[in-house]
Amino acid sequence: MNFNTAKKQPPPRPPEKGSFPLDHDGECVDVARRYMECVRENRVAGLCKELSKSYITCRMDKGLMAREDLSQLGFLDRPHPLVAAEPKARREETGFVAGVGLRKPQVSPKSPVNSDQPK
């Protein structure tokens with residue numbers, strides 16, 4: 001009897017773009033650090049897309065990865081929608097009052113609820 005219940009793992013696959021050397025000399029560390037700070041502050045990586053783009057460009061310039069068209073890596077010419085959007089006016093500035101639309105008329109216990117129905 002064979003009680004070996006270990007699942008067979010599929011063979012590992014290499015990365016799609018191939019392997020590339022790590023930045024052991026720290027040639028692009030300052031750009032990477034600024035990108036990580038931006039992500040921590042904004043909690044949205046899309047807002048830091050320009051820093052990400054400059055990091056990838058730095059790696060290509062230093063020979064740490066193969067040169068490739070940035071549009072193939074997801075960097076488009078149009079800005080991120082959250083960055084490009086103009087700030088909207090606050091609702092309070094346009095006359096909005098919180099809770100006004102939720103008020104329902106008070107019904108007193110002495111008044112009939114449905115006066116249309118005969119008793």
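Asp-23 sits in the segment before α1, the helix that spans 29-42; helices here are DSSP runs of H or I with at least four residues, numbered from the N terminus. The model is a predicted one, in which local features need pLDDT of at least 70 and side-chain atom pairs count only at pLDDT 80 or more, while totals for chains, interfaces and linings use all residues. Residues are numbered from 1 along each chain as its sequence is written, and side-chain values use heavy atoms, with hydrogens and water left out.

The backbone is another story. The Asp-23 side chain reaches the backbone nitrogen of Glu-27 at 2.8 Å and that of Gly-26 at 3.1 Å. Leaving aside residues up to four places away in sequence, Asp-23 touches Cys-28, Val-29, Arg-59 and Leu-64, where contact means heavy atoms within 4.5 Å.

Zooming out, the chain has three helices and zero strands, strands being DSSP runs of E with at least two residues. Of the 119 residues in the chain, 12% are buried. Among contacts between residues at least 6 apart in sequence, 47% join residues at least 24 apart.

Key. A polar contact is a pair of N or O atoms within 3.5 Å; within protein, one must be able to donate a hydrogen and the other to accept it, and residues adjacent in sequence count only if both atoms are side-chain atoms. Buried means under 20% relative accessible area, exposed over 50%, partly exposed in between (1.4 Å probe, protein chains only).
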